[in-house]
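This report walks through one protein chain, from its overall layout to single residues. Please keep the sequence and the model in view while reading.

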Amino acid sequence: PISQPITMKTEISFQSADHTFRIFGDLYFPDDFNENASTLLPGILIVSGSGPLDRNGNAPTMKLNTSNRFAEHIVSSRSAERAIAVISYDKRGTGKS
């Protein structure tokens with residue numbers, strides 16, 4: 001059986017450098033991460049390839065999208081010694097961005 005990813009996911013957004021648009025994405029933490037603790041957590045930023053891809057790797061022009069759950073896989077497949085956070089985001093003009 002395939003196990004479900006064990007993660008905490010929070011939608012985030014940030015303003016572009018020139019303040020003309022906002023970029024939206026998701027921030028993933030291991031489910032046992034205490035964000036009130038003073039522990040630093042390493043992170044990975046997922047940068048999509050070419051084309052208008054959203055934070056899940058889907059393109060609006062494709063008839064079949066597979067919802068790339070790469071970020072959830074990275075967070076859930078770690079061991080306690082390798083806990084990491086992951087950010088994935090919608091490219092400008094896709095998803096909510």
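## Terms and model

Two strands pair if DSSP finds at least two bridges between them. Helices (H or I, at least four residues) and strands (E, at least two) are DSSP runs, numbered from the N terminus.

This is a predicted model: local features need pLDDT of at least 70, side-chain atom pairs count only at pLDDT 80 or more, and totals for chains, interfaces and linings use all residues. Residues are numbered from 1 along each chain as its sequence is written, and side-chain values use heavy atoms, with hydrogens and water left out.

## Confidence

pLDDT is the predictor's confidence in each residue, from 0 to 100. Its mean over the protein chain is 76. Of the residues, 68% reach 70 or more.

Which element has the lowest mean pLDDT, and which the highest? Helix H1 (residues 70-76) is lowest, at 66. E2 is highest, at 88. Where pLDDT is low, the predicted coordinates should not be read in detail.

## Overall layout

The protein chain holds one helix and four strands. Read from the N terminus, the order is β-β-β-α-β. Contact means heavy atoms within 4.5 Å. Among contacts with a separation of 6 or more, 62% join residues 24 or more positions apart.

Accessible areas come from the Shrake-Rupley method with a 1.4 Å probe; for residues, only the protein chains shown count as cover. The protein chain exposes about 6,600 Å². Carbon and sulfur atoms supply 56% of that area. Buried means under 20% relative accessible area, exposed over 50%, and partly exposed in between (1.4 Å probe, protein chains only). Of the 97 residues, 31% count as buried.

## Strand pairing around E4

Strand E4 covers residues 85-89. How does E4 pair with E2, in the parallel or the antiparallel sense? The pairing is antiparallel, over four bridges. Leucine 27 has isoleucine 87 in E4 as its bridge partner.

Glycine 43 has alanine 85 in E4 as its bridge partner.

Both E2 and E4 are well covered. In E2, eight of the nine residues are buried, so this strand is largely enclosed by the rest of the structure. In E4, four of the five residues are buried.

## The loop at histidine 19

Histidine 19 sits in the loop between strand E1 (7-15) and strand E2 (22-30). This residue is exposed, at 59% relative accessible area. Its phi is near 60°, a positive value in a residue other than glycine. Most residues other than glycine have a negative phi.

## One salt bridge

A salt bridge is a side-chain nitrogen of Lys or Arg within 4 Å of a carboxyl oxygen of Asp or Glu. How many does this rule give? The count is one. Glutamate 11 and lysine 96 form it through their side chains, at 2.9 Å from N to O. Glutamate 11 lies in strand E1 and lysine 96 in the segment after E4, so the pair ties together parts that are 85 residues apart in sequence.

Both partners count as partly exposed. Glutamate 11 has 41% relative accessibility. Lysine 96 has 47%.

## The segment after E4

Threonine 94 lies in the segment after E4. Is threonine 94 buried or exposed? Threonine 94 is buried, with a relative accessible area of 3%. Beyond its neighbours within four places in sequence, this residue is in contact with Pro52, Leu53 and Asp54. Its side chain reaches the backbone oxygen of lysine 91 at 2.7 Å.

Aspartate 54 is placed in the loop between E3 and H1. Aspartate 54 is buried, at 16% relative accessibility. Leaving out residues up to four places away in sequence, aspartate 54 touches Ser48, Tyr89, Asp90, Thr94 and Gly95. Glycine 93 is in the segment after E4. This glycine is exposed, with a relative accessible area of 63%. Glycine 93 and aspartate 54 are 8.8 Å apart, C-alpha to C-alpha, and 39 residues apart in sequence.

Definitions and conventions: A polar contact is a pair of N or O atoms within 3.5 Å; within protein, one must be able to donate a hydrogen and the other to accept it, and residues adjacent in sequence count only if both atoms are side-chain atoms.
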